[in-house]
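Colleague: Can you walk me through reading a model like this one? I would like the general idea, then the case at hand.

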Amino acid sequence: MARTTFKCIDAHTCGNPVRVVTTGRPDLIGKTMSEKRQHFLNTYDWIRKGLMYEPRGHDMMSGSFLFEPHHPDNDFSILFIETSGCLPMCGHGTIGTITIAIEEGLIQPKTPGKIRMEAPAGLVEIEYQQTNKKVDWVKLKNVKSYLAAEDLTIECPELGELVFDVAYGGNFYAIVDPQKNFSGVHDFTASKLIQYSQIVRERINKKYPNAFIHPENDTIRDVSHMLWTGDPINPDSSGRNAVFYGDKAIDRSPCGTGTSARIAQLYAKGKLQPGEEFVHESFIGSTFIGRIEEETQLGDIKAIIPSIQGWAKVYGYNTIIIDDEDDPYAHGFQV
Ligand code: PYC
């Protein structure tokens, strides 16, 4: 393999990084993006590690590759990459990728202002607003989202027993609301929440094996993310979160799939109605606007289609070399 060069365009979505890789994309086998995701993970995972891990990336790094669509009505397909693998769906990654792709001319939507994107988790319909060359905002209608389980319990170091719900919004989230042993995200540092999340996520998947599997795609399984909630910093926001993903990351954006899962949880509990806005604040105070667009079914499960709106800023062009004959850390490392 020796030396491979990847051209990338870097942006952040409300504070969280998105690295779109524009050259060096591998040819993937599969009839859908979900099948191609499996091929990438089995065959080309060194690319993800090299581009996401230190020293070329960091704990929060995430990105994407763009592919041809599998259906002629759609504009493109996407493979998400981040430190822990390839997510079935990523909201902040979508907002950042669309902003980069439109501003840099990587895709030409069939209908300007509207994009149909094939993600491994399913079709995502997108709208965006552009002024001159800049994308002002991106709004995505996410995949069907639902509450998968409620009032489960797990033991958390230092805090004791925690009650949590599990909801799906493109990934499975364990959602911990303020309760007797957890007063809310405002009382904790990011590093404390990371420490708890690493242990609690592992314990949840051990205590509830095979409990969380997507009904239509069994490659999407288990709790991959934790969403801790609490009061917002800005009184105009509806709520704040700390989303744990990867191995050591708290999302700097309000998290698109996390917001979708949160909205699905609130909907199932009768706390959010279709059409009502849910302004979700990230750990650093940036916001996404979430909304229930539609009530729907996923087989027997009562689900919703949520929308998420946010912005991203392009900040750099990056040519990254991975040379495993020259660099002992060509494929990155994690500490
Ligand atoms: O925005 O969906 C999201 C996301 C997932 C992990 C980090 N951000």
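**Rings, helices and core**

Modeller: This is a predicted model. Start with the rings: the structure holds 14 aromatic pairs. In one of them, the rings of Phe188 and Tyr196 have centres 6.1 Å apart and planes at 70 degrees, so this pair is edge-to-face.

Colleague: Which two quantities describe a pair of aromatic rings?

Modeller: The distance of the centres and the angle of the planes. An angle over 60 degrees counts as edge-to-face.

Colleague: Are Phe188 and Tyr196 buried or exposed?

Modeller: The cut-off for buried is under 20% relative accessible area. Phe188 has 15%, so Phe188 counts as buried. Tyr196 has 4% and is buried too.

Colleague: Which residues form one aromatic cluster?

Modeller: Tyr146, Phe164, Tyr168, Phe172, Tyr208 and Phe212. Two of these names, Phe164 and Phe212, come back among the contacts of Ile204.

Colleague: Where is Ile204 found?

Modeller: In helix H4, residues 190–207. Its relative accessible area is 0%, so Ile204 is buried. Leave aside neighbours within four places in sequence. Ile204 is then in contact with Ile154, Phe164, Ala174, Phe212, Val223 and Met226.

Colleague: How far apart are Ile204 and Thr153 in sequence and in space?

Modeller: They are 51 residues apart in sequence and 8.5 Å apart in space, C-alpha to C-alpha.

Colleague: Now a strand. What is Ala242 in contact with?

Modeller: Ala242 sits in strand E14, residues 239–245. With 0% relative accessibility, Ala242 is buried. Beyond neighbours within four places, its contacts are Val185, Leu193, Met226, Leu227, Trp228, Ile250 and Phe283. Met226 also contacts Ile204. For Ala242 and Phe76, the separation is 166 residues in sequence and 31 Å in space, C-alpha to C-alpha.

Colleague: Back to helices. Why do residues three or four places apart point the same way in an α-helix?

Modeller: An α-helix has 3.6 residues a turn, so residues at that spacing point the same way. Now look at H1. Its buried residues are Met33, Ser34, Lys36, Arg37, His39 and Phe40. Their cover includes H2, E3, E4, strand E5 (114–119) and strand E12 (217–221).

Colleague: How many residues of helix H2 are buried?

Modeller: 7 of its 8 residues, so to read H2 (45–52), think of a helix that is mostly covered. The buried ones are Asp45, Trp46, Ile47, Arg48, Gly50, Leu51 and Met52. They pack against helix H1 (33–43) and several strands, including E1 (3–13), E2 (16–21) and E19 (312–323).

Colleague: Zoom out. How many helices and strands does the protein have?

Modeller: 5 helices and 19 strands. The radius of gyration is 19 Å, close to the 20 Å that the globule rule gives for 335 residues, so the protein is as compact as a globular protein of that length. The C-alpha atoms fill a box of roughly 55 × 45 × 40 Å along the principal axes.

Colleague: What share of the residues is buried?

Modeller: Buried residues make up 56% of the 335. Now take contacts with a separation of 6 or more: residues 24 or more positions apart account for 64% of them.

Colleague: And the surface and charges?

Modeller: The accessible surface comes to about 13800 Å², with 47% belonging to carbon and sulfur atoms. There are 34 positive and 44 negative side chains. The centres of the two sets lie 1 Å apart.

Technical notes
Residues are numbered from 1 along each chain as its sequence is written. This is a predicted model: local features need pLDDT of at least 70, side-chain atom pairs count only at pLDDT 80 or more; totals for chains, interfaces and linings use all residues. Side-chain values use heavy atoms; hydrogens and water are left out. Buried means under 20% relative accessible area, exposed over 50%, partly exposed in between (1.4 Å probe, protein chains only). Helices (H or I, at least four residues) and strands (E, at least two) are DSSP runs, numbered from the N terminus. Contact means heavy atoms within 4.5 Å. The radius of gyration is taken over C-alpha atoms; the globule rule is 2.2 Å times the number of residues to the power 0.38. Accessible areas come from the Shrake-Rupley method with a 1.4 Å probe; for residues, only the protein chains shown count as cover. Lys and Arg count as positive and Asp and Glu as negative; His and the chain ends are not counted. The place of a charge is taken as NZ of Lys, CZ of Arg, CG of Asp or CD of Glu. Rings of Phe, Tyr and Trp (its six-membered ring) pair if their centres lie within 6.5 Å; planes under 30 degrees apart count as stacked, over 60 as edge-to-face and the rest as tilted.
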